[in-house]
Amino acid sequence: MSESKNDLMDKLVSLCKRRGFIFQSSEIYGGINGFWDYGPLGVELKRNIKAAWWEDVVRRRDDIVGLDASIIMNPRVWEASGHVGGFSDPMVDCTECKARFRADRAFTVLAAAGETEIVSGGAEAETEAVAREVVAAGASSKIRRRIEQKADEITWTIFRSDQTPEGKTAMCPTCRGSLTPPRLFNLMFETHVGAMQDSTSVAYLRPETAQGIFADYKNVLDSSRLKVPFGIAQIGKAFRNEINPRNYTFRSREFEQMEIEFFCHPSEADTWYEHWRDARFQWYIDHGLTSSKLRLRDHEKDELAHYAAACADVEYEFPFGLSELEGIANRTDYDLSRHQEYSGKDLTYFDDETKERFIPYVIEPSGGVDRATLAFLCEAYTEDEAPDDKGQMKTRVVMKLHPRFAPIKVAVFPLVKKEGMPEVARGIYEQVRDAGLAAFYDEKGAVGRRYRRQDEAGTPFCVTVDGQTLEDQTVTIRDRDTLDQTRIKADEVLTFVREKLG
Ligand code: ATP
């Protein structure tokens, strides 16, 4: 990872903690790996992202309805879905340092021919850094390119462990110890339901929200007037005992998904797949992820799961590498057929008009709320120059979040805490707040400092009540991104902000 990218991640993590976006879970006890908390600003940001998604895919469409299924379900669900038998990753362990890596993701560091000086100097640390970067980077073509660049400097070569060339010894990326052969490790968290803790009471925390939708598909169909094609959307927690939680919230053990299962006639599946793939990609662009950092990657045929007819990933260039935000897949009739087989219930659909009975195909856009949140945070982080209280240009950190996502939409300040300014400012604040816009009132400290705090929170507008307000009832309204300060009538603040927020 280049230093500036590392830097950006460090700065973002520190801002997120300092300003209350994201905290380590149970930090006062030393934390717990793979679990994160969203603080006062973070929870608003995340809720806004989920609300925008819900608004766009459920409320503004008449062919999709919502669902909130339970996290713990009948364990047969996970047998039917294949998770009990198959939701496992091949893992390799280092026999020396005991580190564990995903064999299909972890990359094995191998000594390249004739490179004996590797042990000396900073080579080891560098190797580890490169190995970590490679692991984070994911796609093999990219990895090879990076390796070639790096190889001159550090005399190491890194290969994917499943592409180990003949005659090279696989080594642990961390300590260069030897690795065990790959073993399967199930990612589902187990628990017990009821008082008995035996094999008959085993249940699982759902590793994805999708199966709740399939299990309720018939209920939704029977209780609504929906006809195929239609979709069911759900946002909720999912749990995976990831071997290697890393990259901040990107790979966590507890996370949230926002998923749609869109049911259609098999003959229309290709068209609906393309619709959702393109619509979901566009959604991220529309909310501020620049298209140069966003990529839509169609899976190669040999990458597809056995039941999938097509799949694409929306990927974002995070500071730690290009990584998946959302997957869109044509899952055919696999899931409903499996649930029909395991439950013994008829899950076919009867079309009144054509008199045809069939199992619908499913198009699944499956996104991660935490990954989307992290991508929007990374994209928003900006450093520029702005005048301080003394009019001197200083570096400013500003979170240029999409206004729809910004935790606070308007902050209102009295310039000073006297001459009746606080009363006027509070009045404006209460008007904005009571109209349903997230507002914030702040009268403490120099006004420049208050602006900076709101810049870090990503607040699009700051309203300041000053001496002139008391004379002509106008206020200044400052734009977070352009820094333009406009004078408008105090009683027009709400209309102005509403118009700008769209
Ligand atoms: P990966 O290959 O990165 O493990 P995946 O392909 O297994 O992801 P899916 O099973 O397709 O992921 O899950 C759908 C979405 O759920 C992902 O696109 C991602 O946004 C989110 N997601 C999956 N696993 C995690 C995790 N451990 N932490 C945070 N989000 C996750």
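This is a predicted model: local features need pLDDT of at least 70, side-chain atom pairs count only at pLDDT 80 or more; totals for chains, interfaces and linings use all residues.

The notes that follow go from the ligand to the helix and then to the patch.

Entry 1, ligand site. I listed the shell around the ligand and got 17 residues, the closest being Glu 242, Arg 251, Ser 252, Glu 324 and Leu 325. A polar side-chain atom of Arg 240 is 2.9 Å from a ligand oxygen atom. Ser 252 places a polar backbone atom 2.8 Å from a nitrogen atom of the ligand. For Leu 325, a backbone N or O atom lies 2.8 Å from an oxygen atom of the ligand. On its own the ligand has 590 Å² of accessible area, and the protein covers 84% of that. I checked which elements give two or more residues to the shell and found β12 (254-264), β15 (321-330) and β18 (361-368). β15 has the largest share, with four residues.

I compared the length of α2 (residues 40-59) with expectation: at 1.5 Å a residue, its 20 residues should span 28 Å, and the end C-alpha atoms are 26 Å apart, which agrees.

I found a nonpolar patch on the surface made of Ile 71, Ile 72 and Val 193, with about 220 Å² of accessible area together. Val 193 sits in the loop between β9 (190-192) and β10 (202-204). I logged Val 193 as partly exposed because its relative accessibility is 48%.

How values were computed. Residues are numbered from 1 along each chain as its sequence is written. Side-chain values use heavy atoms; hydrogens and water are left out. Patches are made of residues with over 30% relative accessible area and no salt bridge: like charges are joined within 9 Å, nonpolar side chains (Val, Leu, Ile, Met, Phe, Trp, Tyr) within 5 Å. Accessible areas come from the Shrake-Rupley method with a 1.4 Å probe; for residues, only the protein chains shown count as cover. A salt bridge is a side-chain nitrogen of Lys or Arg within 4 Å of a carboxyl oxygen of Asp or Glu. Buried means under 20% relative accessible area, exposed over 50%, partly exposed in between (1.4 Å probe, protein chains only). The expected span of a helix is 1.5 Å times one less than its number of residues. A residue is near a molecule or strand if one of its heavy atoms lies within 4 Å of it. A polar contact is a pair of N or O atoms within 3.5 Å; within protein, one must be able to donate a hydrogen and the other to accept it, and residues adjacent in sequence count only if both atoms are side-chain atoms.
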